[in-house]
Amino acid sequence: MNLFGIDWVGVNAENGRKLLLSLVFIAVVVALRIGLRALIGRVAGKSFATTQLRFWSRQGISLLAAVVLVLGLLSIWFNDPTRLATAFGLVSAGVAFALQQVITSLAGYLVILRGNTFTVGDRISMGGVRGDVMRLGFIQTTIMEMGQPPSVQGSDPAMWVKSRQFTGRIVTVSNSQIFSEPVYNYSRDFPFIWEEMVIPITYQADRAYVERTLIEAARLHATDPDTMAIGAKEHLQRTFGVEPIDLQPRVYWRITDNWMELTVRFIVGTHQIRGAKDAMTRHIIGKLDEAGIGIASATYDIVGMPKLRIERGMRVRGSECPSDKGTWG
């Protein structure tokens, strides 16, 4: 095409028609995608049971739209298979070099879907971020961040919430992290975890009473193994071949240089940890106070001080008395 006396390479009537057709095709696909996603949002309710259905329906629509868009544009611009193969080889080589992280993240997305690593609503630890999955995208995973338990308070980034409760920060993590770091899932196949509480007491305390109190607190405020979801336990055993698990609370004793350490081990729901431990702590402290049993701690007790005696000398006229003096008795 000659314009202003210049022959413009690649600018002709046919390419202009293809460009216009491409823009119309993209607009139609995007409009259909938005309409279908809105329809899914209206049909599906807002309860937790339909959250998964709504999410995966939208993900399927997005994937289908992306595939249709790519195939349609290739069909519009490359009607000759030979030209298509040549162009695809050149473009793929350049894209693979320039967008390595993006391609790896997209591959991570496919692995997450195929490998059942996690889904929306799961509580995970990925890329150094702990929290609940809010959104799973092609490139990034969005996580509602939660605080850190005391055992990992020193890890980066630092947290001001000292337990497994939300901090309010929303964090995006690249999907490529699943290839370089482990992903911890707290709730997918078995929505319960084992927790422990350590209570130090003196050697003179009634250890049997403290043990009964710990067991009582765990049975009252933690998850009852007899009424927990039997299906979750059976699924864990059937899927991973795990032998029957002892879910009943138990207390373990350990001798230290300063006190007797009693540790109660119990099972609790993933999202109920802090509330259960708070209720157990209040119960245990109340029972120990009733029995007059204190919590042992590394403190120092000053048991005695030397007596202090102060003598004041008397001044006599015409003579000098020794000055005031103080002695230690």
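Q: Why is Phe138 called partly exposed?
A: Phe138 has a relative accessibility of 29%. Buried means under 20% relative accessible area, exposed means over 50%, and partly exposed lies in between (1.4 Å probe, protein chains only). Phe138 at 29% therefore counts as partly exposed. The model is a predicted one, in which local features need pLDDT of at least 70 and side-chain atom pairs count only at pLDDT 80 or more, while totals for chains, interfaces and linings use all residues. Residues are numbered from 1 along each chain as its sequence is written, and side-chain values use heavy atoms, with hydrogens and water left out.

Q: What makes Tyr109 buried?
A: The relative accessibility of Tyr109 is 1%. This value is under 20%, so Tyr109 counts as buried.

Q: Why is the aromatic pair of Tyr109 and Phe138 called edge-to-face?
A: A search of the whole structure finds 1 aromatic pair. In this pair, Tyr109 and Phe138 are 5.0 Å apart from centre to centre, with 80° between the planes. Rings of Phe, Tyr and Trp (its six-membered ring) pair if their centres lie within 6.5 Å; planes under 30 degrees apart count as stacked, over 60 as edge-to-face and the rest as tilted. The two rings therefore form a pair, and it is edge-to-face.

Q: How do you know that Arg188 and Asp122 form a salt bridge?
A: A salt bridge is a side-chain nitrogen of Lys or Arg within 4 Å of a carboxyl oxygen of Asp or Glu. The closest N and O atoms of Arg188 and Asp122 are 3.6 Å apart, so the pair meets this rule. Arg188 lies in the loop between β7 (184–185) and β8 (192–201), and Asp122 in the loop between α4 (100–115) and β3 (123–126), so the pair ties together parts that are 66 residues apart in sequence. Helices (H or I, at least four residues) and strands (E, at least two) are DSSP runs, numbered from the N terminus.

Q: Why is Asp122 called buried?
A: Asp122 has a relative accessible area of 8%, which is under 20%, and therefore counts as buried.

Q: What makes Lys277 and Glu195 a salt bridge?
A: Their closest N and O atoms are 3.3 Å apart, within 4 Å, so the pair qualifies. Lys277 lies in helix α7 (residues 273–291) and Glu195 in strand β8, 82 residues apart.

Q: Why is Arg282 called exposed?
A: Arg282 has a relative accessible area of 60%, which is over 50%, so the residue counts as exposed.
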